[in-house]
Amino acid sequence: MKIRSKSHTPLRKKARKGFRGFPVATVALYGPDDRRATKLVVGIISHEGAEPELRKWYSEDSDIRSIPNIESEIQAFIKEHDVLSVSMVDRIIGCPHEEAVDYPDGESCAQCPFWRGRDRFTGETIN
C-alpha cells in the first residue's frame with residue numbers, strides 16, 4: 001500500500017473529505033520503529049458509541065505499505081461496511097505488539113526498544 005507517499009490513494013481522498021457520517025473507518029499503522037510499518041489495523045465503527053470491528057494485516061519481512069494487494073483488501077473491507085468516513089494519520093503510531101497480549105501491562109515492549117519512552121503521535125521522547 002502506498003499510504004506513506006501517495007496522497008492520491010482512495011483512502012487518503014476519503015480521509016481528506018472529513019467526517020461524513022457513520023460508519024467510520026479508522027486506519028492505523030504500527031511498526032518496530034517509525035520507518036517500517038509491519039502491522040496495519042482498520043477499525044469500522046458502525047454508529048456512535050459502537051465497538052469497532054477490527055481487521056489486521058501483518059508483514060514480517062517488508063513494509064506493509066509496499067504490498068500491492070493490501071490496499072485492495074482494505075478497500076473491499078471498507079466497501080463491505082458501506083463506510084462514509086475515513087480517519088487516518090500519515091505516520092506509524094507505535095509498536096505492533098499489544099500490551100497485555102504480547103508483553104505485561106504497564107511495561108515497554110522488549111521487542112521494540114525504539115518506542116520506549118516515546119510519544120506515539122509525535123515520535124518525540126517523553127520523560
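**Salt bridges, strands and surface in a predicted model**

A search of the whole structure, a predicted model, finds 5 salt bridges.

Q: How many residues apart in sequence are the parts that the pair K39 and E98 ties together?
A: The salt bridge between K39 and E98 has an N to O distance of 3.1 Å. K39 lies in strand β2 and E98 in the segment after β4, so the parts tied together are apart in sequence by 59 residues.

Q: Is K39 buried or exposed?
A: A residue counts as buried when its relative accessible area is under 20%. The relative accessible area of K39 is 4%, so K39 is buried.

Q: Which residue forms a salt bridge with R91?
A: R91 counts as partly exposed, at 35% relative accessibility. The closest N and O atoms of the salt bridge are 2.8 Å apart, and the partner of R91 is D90.

Q: Which residue in β4 is the bridge partner of T26?
A: Strand β1 covers residues 24-30, and β1 pairs with strand β2 in the antiparallel sense over 7 bridges. In β2, the bridge partner of T26 is G43. β1 also pairs with strand β4, in the parallel sense over 5 bridges. In β4, the partner of T26 is S87.

Q: How many of the 7 residues of strand β1 are buried?
A: Of the 127 residues of the chain, 39% count as buried. Strand β1 is mostly covered, and the number of its residues that are buried is 6.

Q: What is the C-alpha to C-alpha distance between Q111 and P32?
A: Q111 is found in the segment after β4. Q111 and P32 are 79 residues apart in sequence, while their C-alpha atoms are apart in space by 7.6 Å.

Q: Which residues form a positive surface patch?
A: One of them, K13, is found in helix α1. K13 is partly exposed, with a relative accessible area of 45%. The positive surface patch is formed by K13, R16, K17 and R20.

Definitions and conventions
Residues are numbered from 1 along each chain as its sequence is written. This is a predicted model: local features need pLDDT of at least 70, side-chain atom pairs count only at pLDDT 80 or more; totals for chains, interfaces and linings use all residues. Side-chain values use heavy atoms; hydrogens and water are left out. Patches are made of residues with over 30% relative accessible area and no salt bridge: like charges are joined within 9 Å, nonpolar side chains (Val, Leu, Ile, Met, Phe, Trp, Tyr) within 5 Å. Accessible areas come from the Shrake-Rupley method with a 1.4 Å probe; for residues, only the protein chains shown count as cover. A salt bridge is a side-chain nitrogen of Lys or Arg within 4 Å of a carboxyl oxygen of Asp or Glu. Lys and Arg count as positive and Asp and Glu as negative; His and the chain ends are not counted. The place of a charge is taken as NZ of Lys, CZ of Arg, CG of Asp or CD of Glu. Helices (H or I, at least four residues) and strands (E, at least two) are DSSP runs, numbered from the N terminus. Buried means under 20% relative accessible area, exposed over 50%, partly exposed in between (1.4 Å probe, protein chains only). Two strands pair if DSSP finds at least two bridges between them.
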